Amino acid sequence: MASRGSSKVTQTRNPEKIISAIAMPRKNSYILDNVALSLLKAIEGHDLHFEEGTITENPISLDKRVNRLYYSNTAVLSGDKDGLLNFYNPAASRIFGYSVREAIGMDPEKLVPRSLRNKRSALLTKVLEKKVIIEFSTKRLKKSGEKISVYALIFPYELEDETLSIGAFVRKL
């Protein structure tokens with residue numbers, strides 16, 4: 001969810017490896033786990049809360065904390081320095097219509113109406129530069145092209161290699 005070309009953010013993950021982790025739960029979940037655990041550390045550090053969901057019988061990770069976030073009822077998204085999604089959970093799929101497999105590695109600008117892209121870029125820059133949390137209501141696009149009203153909370157977080165990135169909670173209004 002970081003803006004393209006931001007000098008403060010460096011590449012976090014290889015989308016193909018994350019997709020592999022999703023396609024083959026437990027066998028390749030190291031990368032997914034690292035992104036999720038970094039998000040959880042920031043969520044706890046910022047005293048943020050998400051609605052827990054039901055964890056499936058064959059969860060995506062061996063780590064219960066990762067499963068709590070991945071299967072939460074709160075849509076959780078995050079991006080890397082290239083502006084590509086590196087975390088997207090099933091709750092986000094229910095809002096936006098893209099499967100997790102489709103969304104990982106996708107440019108999240110596909111979710112933003114053209115008229116709001118400059119405003120989004122400015123918000124992401126502010127979050128990264130000032131390390132602040134921003135809450136707002138806005139319009140976003142579903143996979144079908146339908147515009148929807150959403151509430152978003154965006155926050156900075158660091159991966160274990162100290163890469164600065166942005167996470168988001170989203171819910172449909």
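Predicted model: local features only at pLDDT ≥ 70, side-chain atom pairs only at ≥ 80, totals over all residues.

Q: How many helices and strands does the protein have, and what pattern do they follow along the sequence?
A: Helices (H or I, at least four residues) and strands (E, at least two) are DSSP runs, numbered from the N terminus. Here there are 6 helices and 5 strands. Along the sequence they come in the pattern α-α-α-β-β-α-α-α-β-β-β.

Q: What share of the residues in the protein is buried?
A: Buried means under 20% relative accessible area, exposed over 50%, and partly exposed in between (1.4 Å probe, protein chains only). Of the 173 residues in the protein, 53% are buried. For the surface, accessible areas come from the Shrake-Rupley method with a 1.4 Å probe, and for residues only the protein chains shown count as cover. The protein exposes about 8600 Å², and carbon and sulfur atoms supply 48% of that area.

Q: How do I read contacts in the protein by their separation?
A: Contact means heavy atoms within 4.5 Å. Among the contacts in the protein with a separation of 6 or more, 52% are between residues 24 or more positions apart.

Q: Which residues have the most contacts inside the largest nonpolar core?
A: A nonpolar core is a set of buried Ala, Val, Leu, Ile, Met, Phe, Trp, Tyr and Cys residues joined through side-chain atoms within 4.5 Å. The largest one has 50 residues, and Y88 and F96 have the most contacts inside it. Strand β4 gives the most to this core, with 8 residues.

Q: Where is the largest pocket, and which residues are closest to its centre?
A: On a 1 Å grid over the protein atoms alone, a cavity is a set of points where a 1.4 Å probe fits but cannot get out, and a pocket is an open set with protein on both sides within 12 Å along at least five of seven lines; lining residues have an atom within 4 Å of a point. Grid points are joined across faces, edges and corners, and a volume is the space filled by probe spheres set on the points. The largest pocket has a volume of about 280 Å³. It is lined by 15 residues, and S38, K41, A42, Y157 and E158 are the closest to its centre. The elements giving two or more residues to this lining are α2 (30–45) and β4 (147–158), with the largest share, 6 residues, coming from α2.

Q: How many cavities of 30 Å³ or more are found in the whole structure?
A: The search finds 2. The second largest cavity has a volume of about 60 Å³. Its lining is made of L116, K119, R120, L123, F136, S137, T138 and R140. Here α6 (117–130) and β3 (134–141) each give two or more residues, and β3 supplies the largest share, 4 residues.

Q: Is L128 buried or exposed?
A: L128 is buried because its relative accessible area is 1%. This residue lies in helix α6. L128 and F155 are 27 residues apart in sequence, yet their C-alpha atoms are 8.3 Å apart in space.

Q: Where is E135, and which residues does E135 contact?
A: E135 is in strand β3 and counts as exposed, at 53% relative accessibility. Leaving aside neighbours within four places in sequence, E135 is in contact with Y151, A152 and L153.

Q: Which loop holds D47, and what is its phi?
A: D47 sits in the loop between α2 and α3 (64–70). D47 has a positive phi of about 55° although it is not a glycine.

Conventions: Residues numbered from 1 in each chain as written. Heavy atoms only, no water.
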